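Me: I would like a close look at one part of this model, and then at how the rest is put together around it. Please keep it plain.

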Amino acid sequence: MATFPVINMEKLNGEGRAATMEMIKDACENWGFFEVVNHGIAPEFMDTVEKLTKEHYRKCMEQRFKEMVAKKGLEAVQSEINDLDWESTFFLRHLPVSNMSQVPDLEAEYRRVMKEFAAQLEKLAEQLLDLLCENLGLEKGYLKKVFYGSKGPNFGTKVSNYPPCPKPDLIKGLRAHTDAGGIVLLFQDDKVSGLQLLKDGQWVDVPPMRHSIVVNLGDQLEVITNGKYKSVMHRVIAQTDGTRMSLASFYNPASDAVIYPAPALVEKEQTRDLYPKFLFEDYMKHYLGVKFQAKEPRFEAFKNMENTADLGQVATA
Ligand SMILES: [Fe+2]
């Protein structure tokens, strides 16, 4: 099997550019995932983010997680658990309006560092979206513009820790799903592994790599590219040893952004098999109830809604 794609972004500035763009294209078409190194976020700064995130977990989250495990009797389960994940999380929203001042238990330094980290990730996400535009033959800035809506993109970070789990075969760290949104940038633990993606019917490990950022594509990019790029199922297997840190930052369309296949892509291919058109917030509302199910019925549901709306227009015309 082909090895997991690792993209050295430094090579985009030199004679390796064409080959690197080709690697990104292949990763988008065949993996839905890739890992970037030399992405411009300083390694020392990433070390600080990691240190503060782990300190925060130990100080403010670990005890609460242990209490939840005890209350639900999760240590002693004998059969597969399908309604929860073995993870401790909280969410930081950066855009369109930050929630950081309302999140409890964040020390001033951690808050300041996460704000700076988010600003750097936002820039990287937009740079990556433009690389995708280039590979797709879309005008520069097209994806950013589609995501913008009236207030700019939704951008936030899910801060997760996956503590050691006594029954990883019965309780998943995070059950299999595709991401609903646009592009996801993940800073994951370089020592404790666990993230896997589904490729050609097999679960493949996403290798932990120091100071890298894992990138994956969400359902919205599948719709906009009309299936040229696909969101890919992934899951987290909790480990029996070690706590895995995961900072997943979601660069998503604005709530009122209208999502539909890019005309430049579908006209060129003259396809009749089109993905649906919808408001991103409607998609998210639907997704929340069916996150851990296959994505195809989600797209079908919105296609059917479109057809019903078309018929309604005809009937009232
Ligand atoms: Fe995910």
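Where does Asp 256 sit, and is Asp 256 buried or exposed? Please go on from there to the sheets, the helices and the core.

Reply: This is a predicted model. Asp 256 lies in the loop that connects strand S11 (244-252) with strand S12 (258-259). Asp 256 counts as exposed because 12 other C-beta atoms lie within 10 Å, and the cut-off for exposed is 12 or fewer. Leaving aside residues up to four places away in sequence, Asp 256 touches Gly 149, Ser 150, Leu 279 and Glu 281. Pro 153 is 103 residues from Asp 256 in sequence, yet the C-alpha to C-alpha separation in space is 9.6 Å.

Strand S11, on one side of that loop, belongs to an open sheet of seven strands with the order S1-S2-S9-S6-S11-S4-S3 and mixed pairing. Leu 186 has Val 214 in S9 as its bridge partner.

Helices lie across this sheet. Helix H1 (residues 17-30) lies across S1, strand S2 (33-37) and S9, and runs at about 155° to S1. H3 lies across S3, strand S4 (154-162), S6, S9 and S11, at about 135° to S6.

The axes of helix H2 (residues 43-72) and H3 come within 10 Å and cross at roughly 135°. H2 is therefore oblique to H3. The crossing of H2 past H3 is left-handed. At the contact, Thr 48, Val 49, Leu 52 and His 56 in H2 meet Glu 109, Tyr 110, Val 113 and Phe 117 in H3.

The largest nonpolar core has 68 residues, and those touching the most other members are Phe 33, Phe 34, Ala 125, Ile 183, Leu 185, Leu 186 and Val 215. Helix H3 (residues 108-136) gives the largest share of this core, 11 residues. Leu 186, one of those core residues, is the residue bridged to Val 214. Phe 33 touches Ala 27, Leu 197, Val 206, Val 214, Val 215, Asn 216 and Val 232, again without counting residues up to four places away in sequence.

There is also an open sheet of four strands, in the order S5-S10-S7-S8, with antiparallel pairing. Its edge strands, strand S5 (174-177) and strand S8 (202-205), each pair on one side only. From one strand to the next the twist averages 25°. Strand S7 (residues 195-199) is joined to S8 by four bridges, and S7 pairs with strand S10 (residues 234-236) over three bridges, in the antiparallel sense. Gln 196 has Asp 205 in S8 as a bridge partner and stands opposite Arg 235 in S10. Lys 199 is bridged to Gln 202 in S8. The hairpin of S7 and S8 has two residues between the strands, and Asp 200 there takes a positive phi near 50°.

Note on methods. Residues numbered from 1 in each chain as written. Predicted model: local features only at pLDDT ≥ 70, side-chain atom pairs only at ≥ 80, totals over all residues. Buried ≥ 20, exposed ≤ 12 C-beta atoms within 10 Å, placed from the backbone. Contact = placed C-beta atoms within 7 Å. Core = buried A, V, L, I, M, F, W, Y, C linked by C-beta atoms within 7 Å. Pairing = 2+ DSSP bridges. Axes fitted to C-alpha atoms, helices over the stretch in contact; angles between N-to-C directions. Parallel < 35°, antiparallel > 145°, perpendicular 65-115°, else oblique. Left-handed = near helix turned anticlockwise from the far one by under 90°.
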